[in-house]
Amino acid sequence: MSVFHARRFRRCTAAGLCGAALTASALLAPTPTLAATATATATATASASDGGRATVGVVSPAENQGESEGRGGGLRTGQSAEMGDDGRVELVDGRDVRVTADARGDARGARYSVASLNGTVSVRPAGKPASDAATATLPLPKEAGGTRRAATTAAATGTTTRATTAAATSAKAAAASYTVKLRITNADVRSKQFYVWDRKTWTSYSVPLGDPGDSATVKLPPGDYFAVALHNEWMEPSYLLTSSFTVGSAAKTVSFDERAAKETAIRTDDTTATREASAVWISVPGGDLAGFAGSGADKVYVTPFTRSGVSLRVHEVLGKKGASASVPSPYRYDLTHSFTGSVPASPVKTVGASSLAKTVTKVAAPGTRTTASLQSVPSFGEWTGVYIGSAVPVAGSVTEYATAGITYSRLLSYGTGEASLSLPDRRLSAGTGAGETLGTAPAQPLRREGGGSQRNFDKIWLYEPNTFSDAAGHPGTDSRATYSYKLTSSDGVTHAQADGLDAYDTLSTPNLQSLTRTYTLDQRVHRRVPYSRLSTDVRNEWTFRSEYAEGRELPLIDTRLSVPALNGFGRVTAAGSVRIEAGATTRGTDATVANTRVTGLAHSTDDGATWTDATVAADGSATVDVPATASFVSLRVTAADDQGGVLRRTITRAFAGPAPQGDETVGATRISNVVVNGGKAVELTDAPLQEFTAKFTATDPSGIAGGDMYLYKGSYDTPDAVLHGSWSATCTKVNATTSTCETQFAYIQPRWTLGRNALAGTWKLAAWAESADGKGHVDVHAARTVPVLRDAKLTANAAPEPVTKGKTLTITGKLTRVDWETRGGYHAFTGQKATLQFRKKGTSAYTTVKTVTTDGSGNLKTTAKASTDGYWRYSFAATSTTASVNATGDYVDVR
């Protein structure tokens, strides 16, 4: 099963996370917290001096800033559209598409078909009736879908630009057009999408989907056309069917015969490798695309065709058979191939591992072993592609094989996908290359690529999202974190202030005086998440001078911290001296003029209650002494420049110390009444989309700000496996002091989520809560133990039927239990004791007759005397790894 995450989609469509099981073209939507949703604009009516959590300034989604502020490219294009299902689509940086949707209760409806057509990108939920599936359409910026696309078309036609051709085609269509019925034949079609282009101009035509079923109609003028039909269903094969046809002077029907489609794939000479994710699409001249087909291990079929300028793009990620999110593959094949101009009768590409690029990538853990996925998308020099990926080891390494000479954009995400690192594009040559390390602590702020907070004439715009970047400088965000900003000038006036924002929210000041002033920006970021123990609080206190300017980045100081002694978990394993390396720069200022330098470094082992200063060397480095009693080490760095700029940056729990991490109780915050799955054991089959809930009661005199929980197997510090809630817990207020916090563990597919039968048994629930006044919190590492069991099945059959009273009955049966590993299904549970039970007709209780042991095939067989009418069954009591089960009673008529 693929790991297919939604965070940042470069040259791509949407993607999705559904628990741990994800799909590529049939896109499973991310959870609501996976991507930023629009924040309603809030305009200040109160002053910060009021003493409350007032908002001063204007809070907006970051995407609105680029165009509305006239920044000429800005941070985002400002384009977004509602999906009609509590989701939305955003176009980011002119090349990325993000889909945010709430998939709860409708997994099929959370899958999407995507296309870029004639300068727009459209995203439509798949698996729903047309009347329920609203299509979100966004215009592409000129650099992505306008200027280049027109130039490409001009080159293809020799004389005509796309805009001119489109105008002429529209006029022609208005003069004469005919109904063309597009129909997928010899197929069970529940979800469909059609794409049509003029073969001469490659102008696209929108096809209304109409009613559910296998067909749709479109009005077309006379001409020659190329069309694609996409249909797919979750966990089933998907199809890209093509047809070339001509429209004359009458209506017609065009058929897409599923039987003509052939399997497409990329395979290697490594027989242990299997597909974990795929994305397959068709690209036409001018930059439009149709797709995406593909999913996890599910097959993809394409109609062979020959058409100049049209390409079939195939991108696959392969891993070791039997790998799972909990036990990731030790290697990863990232393979790409294009069939250009012609798709053969057998569109399968085979490559040898020796022809690929090879490198080793280390993935650091954020203080604890969690799940992580590495995604990639290939570049073909066009607006196209989608991130797909696979689980990778955390606090370990993965050997990567990639198609040589292809540029891949990449992304690493932790846990359920809210925390992610944007990685640099990579193009590797064949052979073994240098490796890299991702996710090293401390997680810390980083200036965003393209610039952060800005001064634009008489306004200052605040946007510092990359708070959780790694020590190597890979930009990182966490959408579960909460942000606050406060901007004040040297005369004590607060010009902007807001609390409770997310990483993608911006804050703009009202109009400022144009005079040069000294300002202080205080940014605080807080997160308490199940997939990270580190960088729980980050505070930046900047002092800087700003003047009236057009689109100028604020001259904020940035620092970079690294701790070379940390292991793969972000810990120092023994007490003693630890070297901290630090550097500082000032944004938008020549380094020789700014003379930016680190002026101080301190550490704390009690979450900032007390600090110990270190001596800073000329190169900005310092040595701190970490005691054996330290579970965490916080860092505070100060820096200054010659332009009046100052920074004090505090990172709480920057890295972990050698001491075990025990339960925490600060203040009067408490947790009680912990219940998992209604107090019953969690029994899992091998089916997808399994779920259960967990909840607890949290109290504090000031009330509860929030809380969360997760399940783990093994030790708290280095768990064997984890199960995270699909969404952050919802804490519902009961009264002034008490809240009930509940989360849902959804979309569980044990063969992918767990992948090992050995993970059945006793798990523990870690839970925490925080007080409303910010003064208290509680973190209980084993708030409850929970049996997570393999499901079992049991049969019983008594014969003969009917039977003469006093004669012998033979009662047979079979005990099986589910396999969470590669085989799946239910298989014999041998050497187990089951009780034979009998219930007399007209009664409700069974009584035990005898105990029987299963043989080497899981079979049960014994005899008993028939005395009266009634029901016979076998009963199996639960073990530490397997759920209890009762066979259905078999009624015997005794005569």
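Colleague: What makes β64 and strand β66 (residues 890-892) a pair in the antiparallel sense?

Modeller: In this predicted model, β64 and β66 are joined over 3 bridges in the antiparallel sense.

Colleague: Why is strand β64 (residues 870-876) called mostly covered?

Modeller: Of the 7 residues in β64, 6 are buried. Buried means under 20% relative accessible area.

Colleague: Why is Ser409 called buried?

Modeller: Its relative accessible area is 0%. The cut-off is under 20%, so Ser409 is buried. Ser409 belongs to strand β27 (residues 407-414), and its side chain has a polar contact of 2.8 Å with that of Asp425.

Colleague: What makes the contact of Ser409 and Asp425 a polar contact?

Modeller: The contact between the two side chains is 2.8 Å. A polar contact needs N or O atoms within 3.5 Å, so the distance meets the limit.

Colleague: Why do Arg539 and Glu541 count as a salt bridge?

Modeller: The closest N and O atoms of Arg539 and Glu541 are 3.4 Å apart. The limit is within 4 Å, so the pair is a salt bridge. By this rule the count comes to 32 salt bridges.

Colleague: How do Arg539 and Glu541 stand in accessibility, buried or partly exposed?

Modeller: Arg539 has 25% relative accessibility and therefore counts as partly exposed. Glu541 has 18%, which is under the 20% cut-off, so Glu541 counts as buried.

Colleague: What parts does the salt bridge of Glu400 and Arg426 tie together?

Modeller: The side chains of Glu400 and Arg426 meet at 3.1 Å, N to O. Glu400 lies in strand β26 (residues 396-402) and Arg426 in strand β28 (residues 419-427), so the pair ties together parts that are 26 residues apart in sequence. Both Glu400 and Arg426 are buried. Another salt bridge joins Asp334 and Arg332, with the closest N and O atoms 3.1 Å apart, and these two residues are buried as well.

Colleague: Which residues do salt bridges that share partners join into one network?

Modeller: The network consists of Arg332, Asp334, Glu400, Arg410, Arg426 and Glu436.

Colleague: Why do β12 (215-220) and β15 (252-257) stand at the edges?

Modeller: The order in this open sheet of 3 strands is β12-β9-β15, with mixed pairing. β12 and β15 each have a single partner strand, so one side of each is left without a neighbour in the sheet. On average, neighbouring strands here are turned by 25° against each other, direction ignored.

Colleague: How do you know that β9 (residues 178-185) and β12 are paired?

Modeller: The strands are joined by 6 bridges and run antiparallel. At least two bridges are required, so β9 and β12 are paired. Within this pair, Arg183 stands opposite Ser215 in β12.

Technical notes: Residues are numbered from 1 along each chain as its sequence is written. This is a predicted model: local features need pLDDT of at least 70, side-chain atom pairs count only at pLDDT 80 or more; totals for chains, interfaces and linings use all residues. Side-chain values use heavy atoms; hydrogens and water are left out. Helices (H or I, at least four residues) and strands (E, at least two) are DSSP runs, numbered from the N terminus. Axes are lines fitted to C-alpha atoms, for helices over the stretch in contact, and angles run from 0 to 180 degrees between N-to-C directions. Buried means under 20% relative accessible area, exposed over 50%, partly exposed in between (1.4 Å probe, protein chains only). A polar contact is a pair of N or O atoms within 3.5 Å; within protein, one must be able to donate a hydrogen and the other to accept it, and residues adjacent in sequence count only if both atoms are side-chain atoms.
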